[in-house]
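Biologist: Before I rely on any of the labels attached to this model, I would like to go through them one at a time. Could you set each value against its definition and then conclude?

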Amino acid sequence: MQNFDTELVRRGTGSLKWDRRADLDPYWVADMDFTSPEPVIEAIRARVGHGVFGYALPHAGLMEAVQSYLEKRIGYTTPEEEIIHLGGLVPALSLAARAFGNSGDALMTSAPIYPPFLGIHNDAGMQVISTDHIEVDGQWTFDWDAMAAQVTPQTKLFLLSNPQNPMGRVFTEAEIIQLATFCETHDLILISDEIHCDLILDEAATPHFSALNLPSSLRDRTITLLAPSKTYNIAGLGYAFAVIPNDSLRRRFTAARGHTLPEINCIAYYAAEAAYRHGEPWRQDLISYLKKNRDLLTSTLREGVPGAKVPDIEATYLAWIDCRETGVEKPIEAAENAGLFLSDGAFFGHERCIRMNFGTQASRLEAALEKLVTALQP
Ligand SMILES: Cc1ncc(COP(=O)(O)O)c(C=O)c1O
């Protein structure tokens, strides 16, 4: 069993997380301070050992691993042609905007949200319509009334993050059906980014309902985006895939690709295959570890910072900390003054909020939380 408590030296390894601000202790971008599962590292070593790194294609083993993952995890039997391999999920969001929107059209999403959701409309000369998530009975959900009021005939897409980054919500079957029905009513394509779906912390309590689980009439207007990258900590290798059940949507999506995307990394395919085939025991251990970190973070901040709101984190290793009622005007600066590098909520669409990555050693997290509690006192 992997020891997630082992502290690693990441500084000086060309790490975005650790080397961007060498003066601060990093808890920002979504990658974890854990080595990947051993079978993934072995698969990479074996592929590197061959010594030839020419253009790659998705080999049979990768295809089988992805299809079997979709079957077991989501219960969706996926014909090979419905799977489009990609070097990353963010380029897929941009591709979707360019495929289904023209200059002057709009796309919708709900905030706070992973920053590229609020930026990719620019790639297609589109507008973005963003409604805020609202709290209903203690749960953050969609503001259906605001969405209905703000959608326009020029709106072409809805961008969903499920599980939700940064709030950690796992949307229920009822919510996803309601959202897909909203998309049907307003003739929108639903882009469902499910990159965090294997990081659900209590699957029995909050099961994943994928866009691929929708009834076929609704599923037909969806593009589901998935990747092993967040779960197995291989985001730097660049591999993701889209599942597009509808032929015409798939053709439009691939046609929009043009010459804009690079070939997929020949090593990433092998890492992805190994992650899906052999990563499950490691993933189970990871989830247990993250749960403890989540509990430590939520209780420390809820008790220690008057007015701070931390939603119940059902998935991911990211915590959304709403500081609007703490009396602290600039929480991101307060964190920085305490030596901590967190994500600024402004990029997610909400000022005076911060996001903290707790995918790290519990000892580091504990020390950082202590500093953060002091920094966020009014
Ligand atoms: C919701 C969501 N989508 C996409 C990504 C990034 O995907 P990629 O690295 O494959 O572009 C992230 C990374 O944090 C994310 O949280």
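Predicted model: local features only at pLDDT ≥ 70, side-chain atom pairs only at ≥ 80, totals over all residues.

Biologist: Which residues are closest to the ligand, and how many surround it?

Modeller: The ligand is surrounded by 13 residues, of which Ala 30, Gly 88, Leu 89, Val 90 and Asn 165 are the closest. Sorted by class, this shell has eight nonpolar residues, four polar ones and one charged residue.

Biologist: What is the peptide bond from Asn 165 to Pro 166, cis or trans?

Modeller: That bond is cis, with omega near 25°, and Pro 166 lies in the loop between E7 and H6. The bond from Asn 162 to Pro 163 is cis as well, with omega near -5°, and Pro 163 is found in the loop between strand E7 (155–161) and helix H6 (173–185).

Biologist: Why is Asp 137 called exposed?

Modeller: A residue counts as exposed if 12 or fewer other C-beta atoms lie within 10 Å of its own; Asp 137 has 5 such neighbours, and therefore it is exposed. Asp 137 lies in the loop between strand E5 (134–136) and strand E6 (139–141), and has a positive phi of about 50° although it is not a glycine.

Biologist: How do you know that the buried residues of H2 are on the same side?

Modeller: The buried residues in H2 are Val 40, Ala 43 and Arg 47. They cover an arc of only 65° around the axis, which puts them on the same side of H2. In general, an α-helix has 3.6 residues a turn, so residues three or four places apart point the same way. What covers the buried residues of H2 includes helix H9 (266–278), whereas the face turned away from the buried side carries the exposed residues Arg 45, Ala 46, Val 48 and Gly 49.

Technical notes: Residues numbered from 1 in each chain as written. Buried ≥ 20, exposed ≤ 12 C-beta atoms within 10 Å, placed from the backbone. Helix = DSSP H or I, 4+ residues; strand = E, 2+ residues; numbered from the N terminus. Arc of directions from axis to C-beta. Contact = placed C-beta atoms within 7 Å. Near = placed C-beta within 6 Å. Nonpolar A, V, L, I, M, F, W, Y, C, P; charged D, E, K, R; others polar.
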